[in-house]
Amino acid sequence: MRLLKVATCNLNQWAMDFDCNMKNIKESICRAKEAGAVIRLGPELEITGYGCEDHFMELDTVNHAWDCLKELLLDDWTDGILCSFGMPVIKGSERYNCQVLCLNRKIVMIRPKMWLANDGNYRELRWFTAWKQKEHLEDFLLPNDISEALSQTTVPFGYGYIQFLDTAVAAEVCEELFSPIPPHAELALNGVEVYLNASGSHHQLRKLDLRLRAFIGATHTRGGVYMYSNHQGCDGGRLYYDGCSCIVVNGDVVAQASQFSLKDVELVVAQVDLDAVASLRGSISSFQEQASCKPKVSSVAVPYKLCQPFKLQMSLSSPLKIQYHSPEEEIAFGPGCWLWDYLRRSGASGFLLPLSGGADSSSVAAIVGCMCQLVVKEISYGDEQVKADAIRIGHYTDGQFPTDSKEFARRIFYTVFMGSENSSNATRTRAKVLAEEIGSWHLDVSIDGVVSALLSLFQTLTGKRPRYKVDGGSNIENLGLQNIQARIRMVLAFMLASLLPWVHSKPGFYLVLGSSNVDEGLRGYLTKYDCSSADINPIGSISKQDLRRFLKWAAVHLGYSSLAEIEAAPPTAELEPIRSDYSQLDEVDMGMTYEELSVYGRLRKIFRCGPVSMFKNLCYKWGTKLTPSEIADKVKHFFKYYSINRHKMTVLTPSYHAESYSPEDNRFDLRQFLYNARWPYQFRKIDELVQQLDGDRVAITKSTDQETAGVTVDGGMGVVAAGSGNPSAGV
């Protein structure tokens, strides 16, 4: 046996906070050494933080990373343990995203990333160059101060692996695993047994299984020990990195860290037998044949042993059952942890949420309640960092700290029901009951006086006073009156967030939380600069359907039973007067259901459909219940309002990224915001297709009627047999 103990970790890094990042890195190395590990893997760009973005273009960022690496190498951090550190490196005139592999106070090699993540939320090609020289390793001249400090002038740089006396180890960086021809396939044929994948992978609903299947697939047929390390937390932007660092051996997960956590450092360790890797590879004939004619990969020889011989006291890690969260749990824990990181790092004293009693704002309230529960639970487990942050944010004194989530919520969470003459008693009551269940400091405010004052001012200026549509007003008047209410709520929310801490003799300020969902953003069903305009929004890329399922789950599992009633209520903005024969409903206002919006969103973004392609796809999807003309009307209606309202996405509140069809304009969904909303060319193409399909339907109907009546179609020579019509004539 060749026994090898390895460690990988989740780290909650903060972009550009080198002190924070170094503290976490050192803590992870300490724990790895205490566990007896001889390899320690950290996440991608862990020294700087992954989300530095254009700060990577600053020489300061690169220089600070070298200074931090020097600090790690001058002390005993790498003594007896192979450490992989992520940082930017400039070689010549190019900047690379690198893994720096170090052992015994020396740099063994620098491995630049070859395939960069450059889609969705990722823009690595903006900041880094992909390494393209696969044929050989090059000598990299270390910066002068590093060279002098380490007594090391050059280091191997490029694509390759480290050949120890008893095994071979190589890096495969994040996106490279998911490329069409991943490096691990070629490295396996060259005898590499241990892979180090440093990653910066963000959370997305229902995504974890895809990631884990990739690790399992990488070693299931080729053998190997696959180590994966990821960031965990909010490092300063819209993304939540969802950890789940793991170790996979020959297709079996033997160690798995948490996906969601408030911890700054989480380490998992596994003891593996490398002979099991060699045995599997030796049993696969095709592997042996391909290895015999493999393209040679460069290597760095290190005269050092990593493995231990057989010892009965050293037990091997066994396969684990993979831990997955349900989508409802992901919605609770992911945004909850993201909010905690944002709160503790922003310097704020808490959150303020306009709570309407509807599904969206109630979902946000429940997520904040979940965050409070997580904080109290983590403190009870002995996490001193969470405890210190909670004491500071909650302004506890005399040695007190949070022990009850409702009590903690009352200290850091304001909810405000901002009602008007159009608000119902039902929503007011729902908001009040939910606030009591969570523990927030709840206020009930009427905005009618402010609305009336603004309308009086408008009447003084123009001599006219707008009316609602139900009272005989026009669409313009109706929309204007709704917008006034919505925007007053935004102004009031920010005023309360800045002044309420002062009223209650607390320092600091409160962060205003938004509560518009991804479907409303896609359709533009929100007022520009209303309560959707906030500091941050934890549900901004979560669909209405997922939120309703979350509310049902949270009513039971978070203990907020009133959420069941909130989920069952029809969605309404309550911006128009309620009459015996009229009640405003979201789906009626939008002219489409939330279910339809999710379909449009996925086709538009995930499947990259324009109007014509969307129409064709929906003819297959909805063709059994709708005519081509009806489908065309729906597609046109969606694209009309999507394009009219696209400008609202340019000022969308920074939102937690959770859904692959988010219309967020900052970096994920980059499109123009001034459209010809008539889409003349595309809609004309759709009309031509409808005309063609209607003609085909008529032809098929006539043919079917003739067959049913027994009429021949060949001049009387015989009756057409059932099923002999043209099968390609229909949709």
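The following questions and answers go through a predicted model, from an annotated span to single residues.

Trainee: How far apart do the end C-alpha atoms of residues 4-274 lie?
Mentor: UniProt, in an unreviewed entry, lists residues 4-274 as "domain: CN hydrolase". The span is 24% helix and 32% strand. Its end C-alpha atoms are separated by 7 Å.

Trainee: Is strand E3 largely enclosed or exposed?
Mentor: A residue counts as buried under 20% relative accessible area. In E3, 9 of the 10 residues are buried, so the rest of the structure leaves the strand largely enclosed.

Trainee: In which sense do E3 and strand E4 pair?
Mentor: E3 also has strand E2 (residues 39-41) joined to it by 3 bridges, and those two run parallel. With E4 (residues 94-103), E3 forms 9 bridges. The sense of the E3 and E4 pairing is antiparallel.

Trainee: Which residue of E4 is the bridge partner of cysteine 83?
Mentor: Cysteine 83 belongs to E3, where arginine 40 stands opposite it. In E4, the bridge partner of cysteine 83 is cysteine 102.

Trainee: Which residue takes a positive phi in the hairpin of E3 and E4?
Mentor: The hairpin has 2 residues between the strands. A phi near 70° is found there, and the residue that takes it is glycine 92.

Trainee: Is threonine 78 buried or exposed?
Mentor: Threonine 78 sits in the loop between helix H2 (59-74) and strand E3 (82-91). Leaving out residues up to four places away in sequence, threonine 78 touches Lys33, Leu72, Leu73, Cys83, Phe85, Cys102, Leu103, Asn104 and Arg105. The relative accessible area of threonine 78 is 0%, so the residue is buried.

Trainee: What distance separates the C-alpha atoms of leucine 306 and leucine 3?
Mentor: Leucine 306 lies in the loop between E16 and H9, and is buried with a relative accessible area of 3%. Its contacts beyond four places in sequence include Leu3, Leu4, Val38 and Ile39. Leucine 306 and leucine 3 are 303 residues apart along the chain, yet their C-alpha atoms are separated by 8.6 Å.

Trainee: Why does proline 319 count as exposed?
Mentor: Proline 319 is placed in the loop between strand E16 (299-301) and helix H9 (327-346). Apart from residues up to four places away in sequence, proline 319 touches Asp252, Val253 and Val254. Exposed means over 50% relative accessible area. Proline 319 counts as exposed because its relative accessibility is 55%.

Trainee: What separates the C-alpha atoms of proline 319 and phenylalanine 408?
Mentor: Along the chain, proline 319 and phenylalanine 408 are 89 residues apart.

Trainee: How many of the residues of E18 are buried?
Mentor: Phe413, Thr415, Phe417 and Gly419 point one way from E18, while Tyr414, Val416 and Met418 point the other way. All of these are buried. E18 is therefore largely enclosed by the rest of the structure, the count being 7 of the 7 residues.

Trainee: Which residue stands opposite phenylalanine 413 in E18?
Mentor: Strand E17 (residues 350-354) pairs with E18 in the parallel sense over 4 bridges. Opposite phenylalanine 413 stands phenylalanine 351.

Trainee: What unit do E18, helix H13 and E19 make?
Mentor: E18 (residues 413-419) and E19 (residues 441-446) pair in the parallel sense over 6 bridges, with glycine 419 opposite serine 446 in E19. Helix H13 covers residues 425-438. Together, E18, H13 and E19 make a right-handed β-α-β unit.

Trainee: Is cysteine 174 buried or exposed?
Mentor: Cysteine 174 lies in the loop between strand E9 (168-171) and helix H5 (183-189). Its phi is near 40°, a positive value in a residue other than glycine. With 9% relative accessibility, cysteine 174 counts as buried.

Trainee: What is the relative accessible area of tyrosine 529?
Mentor: Tyrosine 529 is in the loop between helix H16 (518-523) and helix H17 (544-557). Phi of tyrosine 529 is also positive, near 65°. The residue is partly exposed, with a relative accessible area of 41%.

Trainee: What is the volume of the second largest pocket?
Mentor: This pocket is lined by 25 residues, of which Asp119, Tyr122, His202, Gln204 and Lys207 lie nearest its centre. Helix H6 (208-220) and helix H20 (594-606) each supply at least two residues of the lining. The volume of the second largest pocket is about 670 Å³.

Technical notes: Residues are numbered from 1 along each chain as its sequence is written. This is a predicted model: local features need pLDDT of at least 70, side-chain atom pairs count only at pLDDT 80 or more; totals for chains, interfaces and linings use all residues. Side-chain values use heavy atoms; hydrogens and water are left out. UniProt positions are given in the numbering used here, feature names are shortened, and annotations may be inferred rather than shown by experiment. Two strands pair if DSSP finds at least two bridges between them. A crossover is right-handed if, with the strands pointing away from the viewer, the path from the first strand over the helix to the second runs clockwise. Buried means under 20% relative accessible area, exposed over 50%, partly exposed in between (1.4 Å probe, protein chains only). Contact means heavy atoms within 4.5 Å. On a 1 Å grid over the protein atoms alone, a cavity is a set of points where a 1.4 Å probe fits but cannot get out, and a pocket is an open set with protein on both sides within 12 Å along at least five of seven lines; lining residues have an atom within 4 Å of a point. Grid points are joined across faces, edges and corners, and a volume is the space filled by probe spheres set on the points.
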